[in-house]
Amino acid sequence: MDEFEKTEGYEKPKVIEEGIWVAGEALKKAPKLYGVPTGIEGLDNLFFSAEIKDGKVIKKSLGGIPAYSVTNITGVSDTGKSLMVEQYAVTQASRGEAVAFITVESPAPFVTVGLRERATAMGINFEEIENKIILIDAASHTSLRENIPNLLATLAFAIKNYKVKHTLIDSVTGLYESKEMMARTVVRQLFNFMKKWYQTALFVSQKRSGHEELTAEAAGGYAISHIVDCSMVLAKELILTPTQSKLYKKPIGEIVRLFRIDGCRMCGHDTRTRFMEITELGLVKIGEPLTGG
Ligand SMILES: Nc1ncnc2c1ncn2[C@@H]1O[C@H](COP(=O)(O)OP(=O)(O)O)[C@@H](O)[C@H]1O
Ligand SMILES: [Mg+2]
């Protein structure tokens, strides 16, 4: 025993055998890669997997976001983040899959009105899906918003009781308000929970206007994008110069909305910056890629 090992509190390093996996065994525990349709027009075909067919590698559309992934949707206010998660919630519910919707900013009854609006705009009768959407109101309950263990225990309860397959959080930013240095810790806890419970999850995070638009640092700042599986960045820009007008093919004075998948480690994906639209009925649509000036 050397001097260091004699010091109080020294623990002899242990082999954590559970931490070792042979890839073949690990694969048996891995969920199959397949897409979950989002109900957001233009989004589902932006994710793909590689397949070997007749000795050739081909690209195959997943037809949705990868199942069991945790996606961060980020952007400044009014970029369509909430609309996107509402569309996703309504879509899963209409496919017969239960959704937990953790609302952190707006009380549950207000969110429900939004969900009903979204359903109607999508041609779905809300009465047929209303029991598949389980709201967890962290906006009204400080004991949920400011206590992550309480929040996760409540979510686990909802997942078990309602057979929830999808969890949405609008927004995670509200869970570390005024303690932003905790952002990574909070998001890491949420991420681990989603994996343990096999959830396909969307986390909304708010981007401050100071963060650069449409970049990795834009993805929620505070390196949230390193924790989650996928990041989507939403932006809006006011067209003020002839150059912008030419690039975005819109007149000066108009708003252009942009969308980009800023990384997804679960599967292949489109990497281009695309036009995004919010229809008059409040539905997000992903459009064509931006082409140079
Ligand atoms: N029901 C609706 N009908 C039409 N447009 C809407 C509707 N709801 C929201 N919008 C438009 O979409 C924008 C983005 O909304 P939202 O998803 O709430 O933004 P975020 O969550 O990113 O702050 C709003 O600012 C508004 O212009
Ligand atoms: Mg919002």
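Colleague: Where does Lys 163 lie?

Modeller: This is a predicted model, where local features need pLDDT of at least 70, side-chain atom pairs count only at pLDDT 80 or more, and totals for chains, interfaces and linings use all residues. Residues are numbered from 1 along each chain as its sequence is written, while chains are lettered from A and ligands numbered from 1 in the order in which they are written. Helices (H or I, at least four residues) and strands (E, at least two) are DSSP runs, numbered from the N terminus. On that numbering, Lys 163 lies in the loop between H7 and S8.

Colleague: Is Lys 163 buried or exposed?

Modeller: Count the other C-beta atoms, placed from the backbone, within 10 Å of a residue's own: 20 or more is buried, 12 or fewer is exposed, and in between is partly exposed. Lys 163 has 11 such neighbours, so it counts as exposed.

Colleague: What is the phi of Lys 163?

Modeller: Lys 163 is not a glycine, yet its phi is positive. The value is near 55 degrees.

Colleague: Is Tyr 68 buried or exposed?

Modeller: Tyr 68 sits in the loop between strand S4 (65-66) and S5. Its phi is positive too, near 70 degrees. With 21 other C-beta atoms within 10 Å, Tyr 68 is buried.

Colleague: Which peptide bond is cis?

Modeller: Look at the loop between S8 and H8, where Ser 171 has its place. Omega is near 0 degrees there, for the bond from Asp 170 to Ser 171.

Colleague: How far apart are the end C-alpha atoms of helix H8?

Modeller: H8 covers residues 183-196, which is 14 residues. The expected span is 1.5 Å times one less than the number of residues. That rule gives 20 Å, and the model agrees, with the ends apart by 20 Å.

Colleague: Within what arc do the buried residues of H8 fall?

Modeller: The buried residues of H8 are Ala 183, Val 186, Val 187, Leu 190, Phe 191 and Met 194. They line one face of the helix, because the directions from the helix axis to their C-beta atoms fall within an arc of 130 degrees.

Colleague: Why can residues three or four places apart point the same way?

Modeller: Think of one turn of an α-helix. Residues three or four places apart point the same way because each turn has 3.6 residues.

Colleague: Which residues is Thr 91 in contact with, leaving aside its neighbours within four places in sequence?

Modeller: Thr 91 is in helix H3. It is buried, with 23 other C-beta atoms within 10 Å. Beyond those sequence neighbours, its contacts are Pro 37, Thr 38 and Gly 39.

Colleague: Which helix gives the most to the shell around ligand 1?

Modeller: A residue is near the ligand if its C-beta atom, placed from the backbone, lies within 6 Å of it. The shell holds 13 residues, and the closest are Asp 78, Lys 81, Ser 82, Leu 83 and Gly 282. Three residues of the shell come from the top contributor, helix H3 (residues 81-94).

Colleague: What is the radius of gyration of the protein?

Modeller: The globule rule is 2.2 Å times the number of residues to the power 0.38, with the radius taken over C-alpha atoms. For 293 residues, a compact globule would come near 19 Å; the protein agrees, at 21 Å.

Conventions: Two residues are in contact if their C-beta atoms, placed from the backbone, lie within 7 Å.
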